[in-house]
Amino acid sequence: MAQFRVCPDSGFFFDKSAESLMKANAVAGAVSLLIAGILALGVILTRWQEVHLLPADLFYQVLTAHGINALIFWIIFFEIAVLYFASSTLLRTRLAAPRWAWAGFALMIVGMVMNNIAVWQGNSSVMMTSYAPMQAAPHFYLGLILFAVGALIGCFVFLGTLVIARDDRTYEGSIPLVTFGALTACIIAIFTIASGAIILVPTFLWSIGYIGHIDAAMYRVIWWAMGHSSQQINVAAHVSIWYLIVGVLFNARPMSEKVSRSAFLLYILFLQLASAHHILVDPGISSEWKVFNTSYAMYLAVLASMIHGLTVPGSMEVAQRAKGYTKGMFEWLRKAPWGNPVFSGFFLSLIIFGFIGGITGVVMGTEQINIIIHNTIYVPAHFHATVAVGTTLTFMALTYLLIPVLFRRALFLPWMARWQPYVFSAGMTLMILFMLGAGTLGVSRRHWDMDFTGAMLSFEYPGTAYTMMAVAGIGGVLGVLGGAMYLIVTVGSLLFGKKLDESAGLFQGFGVPLAASSYNIIQPERLPMAPKLAVEEHGSAGFEAPGTFALAMALLLCFVVYYFINWDYLSSVWPLS
Amino acid sequence: MSTFLPPSERNWWSTPVGRQEVVWIGIALVWCLIMFVMMPYWHIYGKQNLSNEAYQTTPAHYQAKVDQMVAKYKIGEESGVPIVKPPAGSDVYMLGRLWQWYPILELEKNQSYRLHLSSMDWNHGFSLQPVNINLQIVPGYEMVLTVTPDTSGEFTVVCNEFCGIGHHLMLGKIYVKEN
């Protein structure tokens with residue numbers, strides 16, 4: 001019999017087994033982030049040429065582990081927690097097959113540990129992408145496979161929970177937008193994991209000698225069907241969380257259910273084509289294929305992101321204006337709770353994801369422009385804007401919401417939490433902008449020594465490139481500091497934070513009930529539909545959210561200018577045909 | 001609130017969409033189409049496009065072609081690496097291997113060459129500096145593209161795909177001479 005508790009502050013219902021699973025997955029994610037963050041320091045302090053901290057072998061080892069822990073383990077553990085929250089909690093239903101969910105969690109832990117061990121042992125420094133024919137130890141691949149199987153189980157538990165909720169009629173009408181977004185992420189995740197199986201299982205068999213040859217070009221095409229799609233899971237997940245946060249903080253409603261859901265649907269239909277972004281300058285792949293795929297078939301997934309870019313802050317603006325913040329274009333934004341890390345984390349991630357991550361991504365994903373960007377440090381600069389700021393900062397913001405609601409703890413060192421999103425995003429933005437600059441000067445990614453010490457021939461990058469890498473180093477250190485602040489607040493809250501009513505400690509959360517009195521077996525009441533509103537027009541000329549529209553136009557302007565600057569830059573390099 | 005509650009209308013699909021969103025979607029779609037058209041446009045009118053010419057090959061087979069060119073057109077040596085000056089308009093070959101680009105090429109400015117590239121072992125990244133042309137070099141595949149150096153001087157090929165512990169040692173040279 002399922003047991004539930006209701007959070008007295010937020011009104012969210014928690015199924016006991018779902019709650020424990022969310023905690024376990026979130027904590028495992030935070031542990032991965034801790035590892036990734038420490039390793040990040042090694043990476044950035046080595047790329048900062050004046051510091052040049054680590055020796056070459058250790059640098060490549062650390063870089064491999066940093067990528068995998070940050071990009072795979074931290075994010076996917078957290079996403080599994082988000083899936084359980086978006087299904088069980090938001091739909092007020094019991095979680096499907098909690099034992100299977102625990103089995104999935106156990107597999108993910110085993111996979112994570114196994115993969116990390118393989119990298120620590122030193123003969124699997126193959127980078128996250130592990131391009132064949134460079135070979136890692138068999139348990140490097142096996143760890144990733146087990147982790148993916150565990151995550152796949154999590155996806156099916158999520159889908160099963162949606163089915164239970166529908167059969168038990170725990171909600172009226174359609175599933176909420178946030179759950180719809182999580183469903184999008186889940187569907188993309190299943191595609192991603194299937195692609196991963198297609199490439200990693202043969203690669204594993206190759207590493208133990210059962211398969212003689214893995215074609216290097218095929219590996220890259222299929223690996224990226226997993227590698228890039230997994231980043232699209234993140235986009236769908238963090239956009240869903242943005243909608244959740246504007247709903248919780250501002251009582252916002254989507255400007256249009258139809259538009260927001262259609263945008264999510266575009267993600268499902270087109271995002272998977274982005275494998276092409278990584279093979280634009282590869283041999284043996286035709287231009288037609290590249291043009292169609294790299295643009296997600298005429299940029300329809302970019303369109304979807306541009307739509308969310310309007311509707312997320314737009315929903316917030318409409319809600320703020322309804323509360324009376326109607327002065328000028330931006331009173332709604334000025335009077336937002338900038339001291340609340342849930343808000344500041346969300347909004348900074350939205351801005352940096354859109355203005356930096358989104359624009360650079362589309363520019364470098366343009367078939368010909370990729371020639372001047374491929375494998376330069378511009379590439380990690382781009383994906384730190386999307387993943388390390390977009391996704392990670394969003395997850396951090398959500399954590400500040402979940403600490404009281406899910407863990408029933410008051411925030412530890414609230415002043416630190418208040419500053420954390422600013423420190424983290426300032427540091428990361430500094431690092432990203434200067435890495436973009438260095439990439440434009442040709443500095444390569446995944447490279448231990450930009451002095452090429454010991455090489456038979458010699459080459460010197462311009463002095464500006466060194467300066468840029470140094471400033472990026474300072475930004476990176478600041479970013480790591482921001483990450484450390486997040487972990488101090490999070491871990492501190494779980495260990496020392498004031499217990500709120502109906503609470504229990506961190507470790508009791510692992511499958512053990514909170515205080516027994518917290519739960520009862522009464523089914524929560526059916527989730528009602530959102531209250532209807534009389535149609536109201538705010539703002540001017542029928543534009544409900546003029547401030548957001550101005551921001552969106554500013555984004556478009558930056559986008560257009562930067563896009564054509566890069567074409568101009570391309571036109572200056574040697575003619576190729 | 002209704003971001004995490006079921007929509008207020010059962011039939012939310014038929015709720016009209018606000019004007020602001022319609023306008024933005026229209027603008028964004030136009031921009032998306034412009035960006036899409038830019039790529040084929042550049043194939044027709046732009047000067048920097050990769051060819052679709054590539055062949056499956058083997059390291060031994062490709063090495064033989066490189067050696068043949070080196071034997072025929074070698075004009076010198078630098079740090080033990082032959083410098084090769086093939087005639088303008090001809091097929092020129094460069095290979096990437098742990099951890100070297102081989103051989104050094106000497107080309108003439110404003111002449112076109114059919115440049116062949118392949119790898120003998122792992123993935124490598126052909127990153128021509130300071131021009132900043134970057135290509136992925138995949139073992140088992142021979143990429144062919146026509147390149148017309150329009151600036152003269154000394155150019156360096158940096159490897160920008162991780163290829164093991166000596167990755168940072170892997171440099172190559174292309175000299176472009178005024179004719």
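## Helix packing and the chain interface

In this predicted model, helix H7 (residues 257-270) and helix H9 (residues 296-322) of chain A pack at an angle of about 145°, and their axes lie 9 Å apart. The crossing of H7(A) past H9(A) is left-handed. On the side of H7(A), the residues that meet H9(A) are A:Val259, A:Ser260, A:Ala263, A:Leu266, A:Tyr267 and A:Phe270. Their partners in H9(A) include A:Tyr296, A:Leu300, A:Ile307, A:His308 and A:Thr311. By class, this contact comprises 12 nonpolar, three polar and no charged residues.

A second pair in chain A is formed by helix H11 (residues 341-364) and helix H15 (residues 546-571). Here H11(A) passes H15(A) in a right-handed crossing. From H11(A), the contact draws on A:Gly354, A:Phe355, A:Ile359 and A:Val363; among the residues of H15(A) that take part are A:Leu555, A:Phe559, A:Tyr562 and A:Asn566. The contact of H11(A) with H15(A) has eight nonpolar, two polar and no charged residues.

The geometry of the two pairs is set out below.

| Helix pair | Angle | Axis distance |
|---|---|---|
| H7(A) and H9(A) | about 145° | 9 Å |
| H11(A) and H15(A) | about 35° | 10 Å |

Chain A also meets chain B: 75 residues of chain B are in contact with 92 residues of chain A. The elements of chain B that give two or more residues to this side are helix H1 (19-45) and the strands E8 (124-129), E9 (133-137), E10 (141-147), E11 (153-159) and E12 (171-177). H1(B) gives the most, with 17 residues. By class, the side of chain B that touches chain A has 40 nonpolar, 28 polar and seven charged residues.

Methods
Residues are numbered from 1 along each chain as its sequence is written. Chains are lettered from A and ligands numbered from 1 in the order in which they are written. This is a predicted model: local features need pLDDT of at least 70, side-chain atom pairs count only at pLDDT 80 or more; totals for chains, interfaces and linings use all residues. Axes are lines fitted to C-alpha atoms, for helices over the stretch in contact, and angles run from 0 to 180 degrees between N-to-C directions. Helices (H or I, at least four residues) and strands (E, at least two) are DSSP runs, numbered from the N terminus. A crossing is left-handed if the near helix is turned anticlockwise from the far one by less than a right angle, and right-handed if clockwise. Two residues are in contact if their C-beta atoms, placed from the backbone, lie within 7 Å. Ala, Val, Leu, Ile, Met, Phe, Trp, Tyr, Cys and Pro count as nonpolar, Asp, Glu, Lys and Arg as charged, and the others, Gly among them, as polar.
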